[in-house]
Amino acid sequence: MLTDIPQYIPSSVCLKCDVCCRFEHPTDGWRPKVGETEKAPIDNVIRGKKWIDPQGFIYMHQGQSQCHCMFFNTADQTCQIYKERPFECILYPFLLMEHESKPWIGVHLACPHIQQHYGDATYQAFAEQLKTYFRQDHVKKFLSANPSLVRDFSMYRDQINMVFPIDIP
């Protein structure tokens, strides 16, 4: 499990946001997917609770107007498994995705922080930091062990900007 991903959005901003962890319906394509090697650490925290579907997606709770991740605490907008949260959740609003038959890092333009800062100096510096991060051997090893994390977001292409390609051996 990778926990050393640098965080782009300050926690104080995340806790005030009303976008992440919420979805239109229980099978929404944006819901988080969990890699094979990430399941055991989460199982150790959850202990017997059914939390993942057969395709590797976290189950959602249906609210009145939208769904949310089953680990999302709506009272204080925190994650109940924050220390063991999946790679996809840590990486967001950046996305590991397939583009032109290759793995890429994209960025989800629906994120309010991205809408405010896309292309500015802080964003550019973070994108460079991510490039360096994805070149590390332990990251490549993790991604090789979890190929299902390279997702097909082609149906959301209008909501994503491509940032850079990555190499997964």
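In which sense do β7 and β8 pair, and over how many bridges? I found them antiparallel, with 5 bridges. I count strands as paired if DSSP finds at least two bridges between them. Helices (H or I, at least four residues) and strands (E, at least two) are DSSP runs, numbered from the N terminus.

Before going on, I noted that this is a predicted model, where local features need pLDDT of at least 70, side-chain atom pairs count only at pLDDT 80 or more, and totals for chains, interfaces and linings use all residues. Residues are numbered from 1 along each chain as its sequence is written, and side-chain values use heavy atoms, with hydrogens and water left out.

**The sheet.** I looked up the strand order next: it is β6-β7-β8, an open sheet of 3 strands with antiparallel pairing. β6 and β8 (160-165) are at the edges with a single partner strand each, so one side of each has no neighbour in the sheet. On average, neighbouring strands here are turned by 40 degrees against each other, direction ignored. α5 packs on this sheet and touches β6, β7 and β8; contact means heavy atoms within 4.5 Å. The direction of α5 makes about 45 degrees with that of β8. For such angles, axes are lines fitted to C-alpha atoms, for helices over the stretch in contact, and angles run from 0 to 180 degrees between N-to-C directions. I also saw H108 opposite I160 in β8.

**The hairpin.** β6 and β7 are joined by 6 bridges and form a hairpin with 2 residues between them. H99 stands opposite K102 in β7. E100, in the turn, has a positive phi of about 55 degrees.

Is E100 buried or exposed? I have it as exposed, because its relative accessibility is 63%. My cut-offs are under 20% relative accessible area for buried and over 50% for exposed, partly exposed in between (1.4 Å probe, protein chains only). As for β6, 5 of its 6 residues are buried, so this strand is largely enclosed by the rest of the structure.

I then checked the largest pocket: its volume is about 1100 Å³. Of its 47 lining residues, V19, C20, C21, C89 and Y92 are the closest to its centre. A pocket is an open set of points on a 1 Å grid over the protein atoms alone, where a 1.4 Å probe fits, with protein on both sides within 12 Å along at least five of seven lines; lining residues have an atom within 4 Å of a point. Grid points are joined across faces, edges and corners, and the volume is the space filled by probe spheres set on them. α3 gives the most to this lining, 4 residues.
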